Amino acid sequence: MRPLRYAINVTLDGCCHHEAGLPPDEESMRWWTDELGRADALLFGRVTYGMMESAWRRPATGTWPDWMGEWEVPFAETIDRARKHVVSSTLDEVDWNAELVRGDLGDAVRRLKQEPGEGLFVGGVTLPRALADLGLVDEYVLLVQPVLAGHGPTLLAGLRERVRLELVDRQELRSGAVVQRYRPVPAK
């Protein structure tokens with residue numbers, strides 16, 4: 001069974017709004033490119049899918065926009081070509097190498113996890129909380145930003161039950177951000 005990894009930027013006070021942390025730099029973009037590259041497919045909710053598509057889909061011209069630095073292109077290419085699954089009850093169709101996930105969320109994600117491969121990546125805020133509630137997240141990867149946001153959505157707010165985790169890896173970035181990788185501790 002391929003693992004489901006949840007990765008997100010989060011501030012020291014738990015805010016997970018995409019603009020609350022440090023602006024991306026070359027090192028963090030390399031890290032995110034590698035993290036996405038570890039997945040056979042990406043799993044997004046409707047909002048995260050729309051946000052990612054508007055920022056990282058290759059334009060029809062085939063040329064990346066002028067605002068994008070050369071060091072951002074590998075990330076853009078990785079996410080652009082990745083296979084994507086979009087959980088939505090309101091969208092009628094998706095494109096950008098994507099397919100809709102319909103029906104019971106738990107059953108659908110269990111089926112995706114049963115497919116052969118190295119792993120699934122999930123990002124966003126609402127969908128990962130639902131998956132954590134279902135016990136389907138196999139690894140939590142937090143890129144902890146050295147910032148106190150003081151407001152905004154917080155990581156896994158509203159989780160129904162406590163999830164005990166064990167630290168399996170830690171990496172410090174030059175920016176002061178710290179990557180922390182956790183796995184759920186099996187219930188005894």
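1. Asp80 makes contact (heavy atoms within 4.5 Å) with Trp56, Arg57, Arg58, Trp64, Trp96 and Asn97, leaving aside residues up to four places away in sequence. Please keep in mind that this is a predicted model, where local features need pLDDT of at least 70 and side-chain atom pairs count only at pLDDT 80 or more, while totals for chains, interfaces and linings use all residues. Numbering starts from 1 along each chain as its sequence is written, and side-chain values use heavy atoms, with hydrogens and water left out.

2. The backbone nitrogen of Arg58, however, lies 3.0 Å from a polar atom of the Asp80 side chain.

3. Asp80 belongs to helix H3, residues 73-81 (helices are DSSP runs of H or I, at least four residues, and strands are runs of E, at least two). H3 lies across S2 and strand S3 (83-87), at about 65° to S3 (angles run from 0 to 180 degrees between N-to-C directions, with axes fitted to C-alpha atoms, for helices over the stretch in contact).

4. Now to the sheet: it is open, with eight strands in the order S4-S3-S2-S5-S1-S6-S8-S7 and mixed pairing (two strands pair if DSSP finds at least two bridges between them). Strand S4 (98-101) and strand S7 (165-172) stand at the edges with a single partner strand each, so one side of each has no neighbour in the sheet.

Notes
Polar contact = N/O pair within 3.5 Å; in protein donor to acceptor, adjacent residues only side chain to side chain.
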